[in-house]
Amino acid sequence: MLLEVKELNTHYGPSHVLQGINLSIAEGELVALLGRNGMGKSTTLKSIMGMVKPTSGSVLFEGKEIAGLSSYKVAQAGIGYVPEERRIFPELSVLDNLMLGIKGGKISNTNDPNAWTVERIFHHFPKLKERAHQPGGFLSGGEQQMLSVGRSLMGNPKLLLVDEPSEGLAPVMVQEVRNVLEQINKAGVSVLLVEHNLKVAMSLAHRVYLMSKACIGCEADVEEVRNNHDLRARYLEV
Amino acid sequence: MNPVVSTYIVQGIYGITYGMILFLIASGLNIIFGMMGILNMAHAAFLMLAGYFCYQVVQITGNFWMGLIFAPILVAVLGVLMEQLFLRRVLGSHVGELILTMGIANVIVAGIKKIWGTESLPLQMPDLLSGMVSIAGMGYPVYRLFVIGLALAVMLFMMLLLYRTRLGKVVRAAVSDREMVNALGININLVSMLVFGVGTWMAGLAGVVIAPILTVFPGLADQVGMDAFIVVVTGGFGSLQGAFIVSIIFGLLSSYGVQFVSQFAPVLIVVFMAIVLVFRPNGLFGAKER
């Protein structure tokens, strides 16, 4: 397993927001984490990433314990994070935004033909190339999403945590973002995806975890979620 | 030249000099306060401490230049120590930062009174910089011109650092989103430590260059510290341009203010701040809501 999360607990003050999360991702897999609002999907990603300190439990990445590490160490271990609302740096140019994604200034795997470089990012996102020297804040929502994905790819992660990539985007852009995630996964990057757009999530995911209040309710394959009405009614439909 | 005009010009140079010194203090404060969001009430105390260090170095070596080089570095080291040993424990809580740094400022002031006493200590400017220089038939105080030049050089250095180096880009990115920078694999705490050191060094430099003008005394921090905070707020968090422009305006307001409406001079700065904040609540060059 590339990532194994075992009995992960997280508290926000007195509230117990993650209660014993268990999940795993194999190399090359694209796994979706689904559920209604406020169930703890984003918190799960943040707890893995070290942006929120879990109170107990274990996160093994390539067999190494990373739970509780500062997020820069988690990133250096090989996990990329594409946050909700993109969080690009609005005052820096598109190119500078990308360059910041190279972890800690070390250009990793430069001799590896599969390494992500600025050229390769621009090849995947031609719109970013056109706007390479404009401030990130000038981009449209969809372009900012591309930039956010591209920025985390610059660190050559083995696993990408992607939080709500299609939120607030026009339908055309949603499709584009979806295709990009598919390409990235095909290029060998594993993905843990939190996504509200069920159609997008189901068309991408190999496997699905369904969350209910602070817990993983069940693990399912995509066909099951598609065909099992009970399951959908219980975890997803409002 | 008409003596009235020449008085105005010299007064203007005095104002710009004070503005430049304010800029040195404020831009140091700005990267600490603006980038890391740390309310550092001890900033001006470090400035004052550098003035005393310089005084001491000059007492021992008789050389102002040694003081100019070493006092700010010494103060920067102390600043980094404060950040590493104490500030890190209360990071994120503004009240905690406020109380802690005010406490440290008090300790510094008390220590200064204990070691150097409460009297004003004169700091002789080096011969090279004392006296007047005559340009186009007018006499200018050399030391003030030196301070203006030094501040401009520091500003250029900061601009290059912020806009041309990777470290600068990291710092600018951190102004808008510190947590995200960390999540990209950059050790933000290490960056913070560096920034804190540079910021305190700038305060120290300001403390040294202001010392021959105002002398060193335990109230020095109060006198310039509040002005520097006002500059940061009026210019906009994290903005060097804002700090620069507002510093110059403040310097001119206070020097011409003293000349024309002396009893109202201290109020002018506050009025200017109020007017700016009414129309631009985030300051002249302030970015979005933090």
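## Exercises on a two-chain model

Just after α4(B), Gly117(B) takes a positive phi of about 80°. This is a predicted model, in which local features need pLDDT of at least 70, side-chain atom pairs count only at pLDDT 80 or more, and totals for chains, interfaces and linings use all residues. Residues are numbered from 1 along each chain as its sequence is written, and chains are lettered from A and ligands numbered from 1 in the order in which they are written.

**Exercise 1.** Find the buried residues of α4(B) and what covers them.

*Solution.* Take as buried a residue with 20 or more other C-beta atoms within 10 Å of its own C-beta, placed from the backbone. In α4(B) these are Glu97(B), Leu100(B), Thr101(B), Ile104(B), Ala105(B), Ile108(B), Val109(B) and Ile112(B). Their cover includes α2 (43–61), α3 (64–90) and α8 (220–235) of chain B.

**Exercise 2.** Describe how α3(B) meets α4(B).

*Solution.* First, the geometry: the axes (lines fitted to C-alpha atoms over the stretch in contact, with angles from 0 to 180 degrees between N-to-C directions) come within 8 Å and cross at roughly 150°. Next, the residues, with contact meaning C-beta atoms, placed from the backbone, within 7 Å: Met82(B), Phe86(B), Leu87(B) and Val90(B) of α3(B) meet Gly96(B), Glu97(B), Leu100(B) and Ile104(B) of α4(B).

**Exercise 3.** Work out the strand order of the open sheet in chain A and say which strands stand at the edges.

*Solution.* Let two strands pair if DSSP finds at least two bridges between them. The four strands then run β2-β1-β4-β5, with antiparallel pairing. β2 (15–25) and β5 (64–65) of chain A are at the edges with a single partner strand each, so one side of each has no neighbour in the sheet. Inside the sheet, five bridges join β1 (residues 3–12) to β4 (residues 56–61) of chain A; Val5(A), for instance, has Val59(A) as its bridge partner in β4(A).

**Exercise 4.** Count the residues where chain A is in contact with chain B.

*Solution.* On chain A there are 21, in contact with 17 of chain B. Helix α2(A) gives the largest share of the chain A side, four residues.

Technical notes:
Two residues are in contact if their C-beta atoms, placed from the backbone, lie within 7 Å. Helices (H or I, at least four residues) and strands (E, at least two) are DSSP runs, numbered from the N terminus. A residue is buried if 20 or more other C-beta atoms lie within 10 Å of its own, exposed if 12 or fewer, and partly exposed in between; C-beta atoms are placed from the backbone.
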